[in-house]
Amino acid sequence: MAPRTALLIATAAMAVIAAAALLPATASATTYMVGDESGWDVGPDYDAWASGKKFKVGDTLEFLYSEGSHNVVVVDAQSYEACAVPSNAPTLTSGDDSVELGQAGRWLFICGVEGHCDAGMKLAVDVHG
């Protein structure tokens, strides 16, 4: 009887391992605090912060800032370059905003408070599948 029980346990373990192998890559997703200890603010070099990081689908960017002092606007390339906030752009304002990078491609963010983007509060990340 013991060998049959051992066989059932081994079969069940193999089923769990096989199921885990089929889980999407997002199971190993990373959360990045934008700007690290500086957070989302005027001053940090966000190009330098993003360089060398390998963003992938399923990762999350966390933007931390004092509520009311900044915001996070998801923009297109033209708005990013012009530091302009389109009227229909998704805008986050909680001070603890999380954005899941749900698809591959270039993601662009700016602070929509007047003058902040021009002062460097803009972030571009390339997300790989």
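Read along the sequence, the chain of this predicted model follows the pattern α-β-α-β-β-β-α-β-β-β-β.

Three of the strands make up an open sheet with mixed pairing, in which the order is S1-S3-S6. Strand S1, covering residues 31-33, and strand S6, covering residues 96-100, lie at the edges of the sheet; each has a single partner strand, so one side of each is left without a neighbour in the sheet. On average, and with direction ignored, neighbouring strands of this sheet are turned by 20° against each other.

Within the order S1-S3-S6, strand S3 stands between the other two. Strand S3 spans residues 60-64 and is joined to S6 by five bridges. The two strands S3 and S6 run antiparallel. In S6, the residue opposite Phe63 is Asp97.

The chain has 129 residues, of which 32% count as buried, that is, with under 20% relative accessible area. Among contacts between residues at least 6 apart in sequence, 69% join residues at least 24 apart.

Technical notes:
Residues numbered from 1 in each chain as written. Predicted model: local features only at pLDDT ≥ 70, side-chain atom pairs only at ≥ 80, totals over all residues. Heavy atoms only, no water. Pairing = 2+ DSSP bridges. Helix = DSSP H or I, 4+ residues; strand = E, 2+ residues; numbered from the N terminus. Axes fitted to C-alpha atoms, helices over the stretch in contact; angles between N-to-C directions. Buried < 20%, exposed > 50% of the residue type's maximum accessible area, 1.4 Å probe, protein only. Contact = heavy atoms within 4.5 Å.
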